[in-house]
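The following note sets out several points for a colleague who is examining the structure. The points are numbered so that each may be taken up separately.

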Amino acid sequence: MAQGKFADYAVRYDETTAHVRRRDIYSVFFPRTLKDQVLLHAIFGHEIGHAALEAQPRTYDALSVLRDNSILTDIDSFFSWCQVNLHVQHRVSDEYLKSQAACWAKEIFCDLFGLIMIGPAFIPAFTTLIEPSYRPSGFEYVPSHPPYSTRALALLQAARALHMLPSEEGDGKIAQLTKELDNNFKANATRYEQTPYAFLDKSNIERASVALADFMDTFADELSPLRCPTTDERMLDGLVAVLLQRIPPVSPLPHPTRDGLSPPELIDFRHLLYAGWIGWSKMTDASPEEFAKLNRYCAHAILQQEGVRCWNRAEAVGAQ
Amino acid sequence: MLESRRGSRSAMSLLTRREILASLGSGRLVVSPLLSSKQIGLASVDLRIGTTALLARASDLSHVDPKNIITYRKVQFKSEQSARRKLERLSVPYRSQLTLHSGGVVLVSTYEWVRLPADLAGVVTARSSWAREGLSIATATFINPCYSGIITLELSNLGQVPIVLYPGLRVAQIALHSMDGDSAGVCADGGGGQFDGAFEPGAGKLTDGDEAFIPSS
């Protein structure tokens, strides 16, 4: 719902009708200023992660895997990490430190949730929205959230563990999207190397990602799976080609068939967002106006896909 | 195929189904998405109703006066306010209905995004089945070469019985005419017209270029 505050997100549980409903309803609000920026809506996955933590106790399994043996479970190590790496000088109460460490773990968890739910489109939305608030080093201290670099690295490690990025170097498409992230890490390499390994333990992140992906697979719905479906490279290329012609990328352009033309494909909105970000990385004019136009093309394509879905559903019923 | 036709004829010619299929297949002409090849007729392509509509409200204004539009244009807020008073924007989800009352006018977007090349122009008309029910696609039916965007259908109900419309219905068709003469540079010269690049229906620019004929007070 685009009714959040000017710059805040919010998750609320609807208690008023809870006693008459069979399902719990959580409303996730996002800032109204983002209403028309559909490519940035990918970050919404993070907020849905917060709602999932409230609603689904099973998500805590993945959260505990993430925190397992890390400094987030030991407040002395946690404070010392903040002292060394973020130059925090005054130690606050243990209770406060404990809740701060819990917050940081949840934030990284929700980043992973967003990535697995939305797919690769989550990464550029994350860098576009979050990175500017941590400039210049990406390592500033914000009590409620872990440093940007830590979060971004966790995202990259999770994306690689789940084979969202075909190779360490990237496949040429994602490489451009993650270039900014990689640059950021290189710039902070010295400081990053000093960080205690446990906080950014690669295996923790990988195991938590796999646990989360498995959790999401239990909500398998053929039409709208919770976990982002695997990207089809051919389809993605077709969508980007359409977008670069300044046409809403609802489907790759049709090709001739014996009966006429190939029908439009039913495409998950998350792939349309991914195609939008790839298209953006290929555009020569990177002005805010162009970004706004690109968002409109993608938003229009998502609405058109609803028509394709409606048509396919009716076709399927007719075929039975 | 189009080249050879152009060489042998001197007037504009209507594209046949085979030529339309060839143009769509090569990506020269875009009507996206085409849910079914059955939308392509002998010499036209059927167009569906989209999910955005602008409904004219008669209750709020006594008349439309181009003079007011010129006055309001100087103050953006007033101009927008004037447009809002006359036209109400509706978002109509699939499987929801939009009722067009007798004598009413509604601007709806097509579901399809259309892009014409420099040597094709389009003419949009109502499909005859709907025309027999009194549904008319008003008079502004010509689509310029190089146009890219949704097409606004100016639907009016000329019958005495209200008509219920649903997004996705094929109510219109576009016939495509190949143009003779040199079409090079047409798109670069601002082809496409004033509504080029439209995502949804919008109010027209009634007075652009005609200000000399409208009294200032």
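1. A:Q304 lies in helix α12 of chain A, which spans residues 288–319. The model under discussion is a predicted one. A:Q304 is classed as buried because 25 other C-beta atoms are found within 10 Å, where the cut-off for a buried residue is 20 or more. Once neighbours within four places in sequence are left aside, the contacts of A:Q304 are A:P248 and A:V250, together with B:P33 and B:Y111 of chain B. The C-alpha atom of A:Q304 is also 9.3 Å from that of A:P249, although 55 residues separate the two along the chain.

2. The contact between the chains may be considered next. It involves 20 residues of chain B and 23 residues of chain A. On the side of chain B, two or more residues come from each of α2 (17–26), β2 (30–32) and β6 (105–115). By class, this side of chain B comprises 11 nonpolar, 8 polar and 1 charged residues.

3. Chain A as a whole contains 12 helices and 4 strands. Of its 320 residues, 40% are buried. When contacts in chain A between residues at least 6 apart in sequence are considered, 75% of them join residues at least 24 apart.

4. The domain assignment divides chain A into domain 1 (1–35), domain 2 (39–217) and domain 3 (233–319). Domain 2 of chain A contributes 10 residues to its contact with domain 3 of chain A, which contributes 9 residues. The domain 2 side of this contact consists of 7 nonpolar, 2 polar and 1 charged residues.

5. Helix α1 (residues 44–55) of chain A packs against helix α4 (residues 94–118) of chain A at an angle of about 115°, and their axes are 7 Å apart. The crossing of α1(A) and α4(A) is right-handed. From α1(A), the residues in contact include A:I48, A:A52 and A:L53, and from α4(A) they include A:F109, A:F113 and A:M117. Counted by class, the contact of α1(A) with α4(A) has 8 nonpolar, 5 polar and 2 charged residues.

6. How many of the 10 residues of strand β10 of chain B are buried? In β10(B), which covers residues 148–157, the number is 7, so the strand is largely enclosed by the rest of the structure. β10(B) pairs with β6(B) in the antiparallel sense over 8 bridges, and B:S156 is the bridge partner of B:V105. Strand β8 (residues 135–137) of chain B likewise pairs with β10(B) in the antiparallel sense, over 3 bridges. In that pairing, B:I137 is opposite B:L155.

7. Strand β7 (residues 120–126) of chain B has two faces, one covered and one uncovered. The covered face carries B:L120, B:G122, B:V124 and B:A126, whereas B:A121, B:V123 and B:T125 form the uncovered face. β7(B) pairs with strand β12 (residues 170–178) of chain B over 7 bridges in the antiparallel sense, with B:A126 opposite B:A172. A pairing of β7(B) with strand β9 (residues 142–143) of chain B is also antiparallel and has 2 bridges. Here B:G122 stands opposite B:I143.

Definitions and conventions: Residues are numbered from 1 along each chain as its sequence is written. Chains are lettered from A and ligands numbered from 1 in the order in which they are written. This is a predicted model: local features need pLDDT of at least 70, side-chain atom pairs count only at pLDDT 80 or more; totals for chains, interfaces and linings use all residues. Axes are lines fitted to C-alpha atoms, for helices over the stretch in contact, and angles run from 0 to 180 degrees between N-to-C directions. A crossing is left-handed if the near helix is turned anticlockwise from the far one by less than a right angle, and right-handed if clockwise. Two residues are in contact if their C-beta atoms, placed from the backbone, lie within 7 Å. Ala, Val, Leu, Ile, Met, Phe, Trp, Tyr, Cys and Pro count as nonpolar, Asp, Glu, Lys and Arg as charged, and the others, Gly among them, as polar. Domain bounds come from an automatic or database domain assignment. A residue is buried if 20 or more other C-beta atoms lie within 10 Å of its own, exposed if 12 or fewer, and partly exposed in between; C-beta atoms are placed from the backbone. Two strands pair if DSSP finds at least two bridges between them.
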